[in-house]
Amino acid sequence: MDPLSQLLSLLKPESYASGGVLLPQGSAVQWPFHDGIKCYAVVSGECWLSVEGVTEPLRLTAGDCYLLPPGPPFRLATDLMSEPVDFQQVRTSMVTDIAVNMHRNPGCFLVGGHFLLAGRPASMLLSSLPPVVHIRKEADKAAMRWALDRMVQEVQTAQPGNGLIMQQLAFMLLIQALRLHINDTPGTGVGWLFALRDKQLSAALACIHDQPGYRWTLEKLAGQAGMSRSAFAKHFKVTVGTAPIDYLTQWRMLLACDRLQNSGDSIQQISLSSGYESESAFAKAFKRVIGCSPGQLCARKK
């Protein structure tokens, strides 16, 4: 499994909100500061997305997708001159009876989801995202079209199990948007996502993710990347924002957290499979990274 898939598999969304939103013609709706990550795509019509702190509003047309990491208030408008209303005031009318209202007042129709993500895996994923990710290339729209079309069908036609299907399709849109962002973003930046598109760093990351319990050294990881030790260490730190061995330790601890909370494995078993010769060495590294002991995390589970 590739590093992005592995990290996403550790995410345990605490809540979902998925489905369709209809923004009437000549309107503007304001959302407050939000936790979690929002990912929506325009099915029909067009609108403007304005995010507090981002200078210019973004024009969204059919097929465009936007992704908002946790952050400041934002606004969707079919008319930039309209006085915005609070989302809570119009929420019911925007998310119900879409099939009927689309024909009466077409406006802009969007589908997607809002995922409340928590913990270190979410922080690793979201920390390097810009305030807005805008997917708008025609090739990228085509890559998202299947999930988008399926979600529209589920929104417009009530069928058994469609709530769960919409959640999964919305999550699929999110994953696809992240993948397209990784591949399409120009320039350089600092963060884990940027390392995934770097051929040399991604080779080292794949080794860490595939064999977290192996006794990796800086020299061995540099060899996997095809670089000298010093060049690799510098390039990794500049791109990822942390040193290679520190990243290895963080990934081991993320996996350990997941096993401590979701498996019956003992702390000793997890210690050994994480690459530590003793439970005490593992516990020391765990507390340094996570902020509590393995035993304390197990106690929270109960």
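**Exercise 1.** Determine how the axes of helix α8 (residues 199–210) and helix α10 (residues 229–240) are placed relative to each other.

*Solution.* Two packed helices are described by the angle between their axes and the distance between the axes. In this predicted model, local features need pLDDT of at least 70 and side-chain atom pairs count only at pLDDT 80 or more, while totals for chains, interfaces and linings use all residues. Residues are numbered from 1 along each chain as its sequence is written, and side-chain values use heavy atoms, with hydrogens and water left out. The axes of α8 and α10 come within 11 Å and cross at roughly 90 degrees. Angles of 65 to 115 degrees count as roughly perpendicular, and α8 and α10 are therefore roughly perpendicular to each other.

**Exercise 2.** Identify which residues of α8 and α10 meet, and sort them by class.

*Solution.* From α8, Leu 201, Ala 204 and Leu 205 meet Phe 232, His 235, Phe 236 and Thr 239 of α10, where contact means heavy atoms within 4.5 Å. By class, this contact of α8 with α10 has five nonpolar, two polar and no charged residues.

**Exercise 3.** Decide whether Asn 162 is buried or exposed, and describe what its side chain reaches.

*Solution.* Asn 162 is found in helix α6 (residues 162–184). Because its relative accessibility is 15%, Asn 162 counts as buried, a term that means under 20% relative accessible area, with exposed meaning over 50% (1.4 Å probe, protein chains only). The side chain of Asn 162 reaches the backbone oxygen of Glu 154 at 2.9 Å. Leaving aside residues up to four places away in sequence, Asn 162 touches Glu 154 and Thr 157.

How values were computed. Axes fitted to C-alpha atoms, helices over the stretch in contact; angles between N-to-C directions. Helix = DSSP H or I, 4+ residues; strand = E, 2+ residues; numbered from the N terminus. Parallel < 35°, antiparallel > 145°, perpendicular 65-115°, else oblique. Nonpolar A, V, L, I, M, F, W, Y, C, P; charged D, E, K, R; others polar. Polar contact = N/O pair within 3.5 Å; in protein donor to acceptor, adjacent residues only side chain to side chain.
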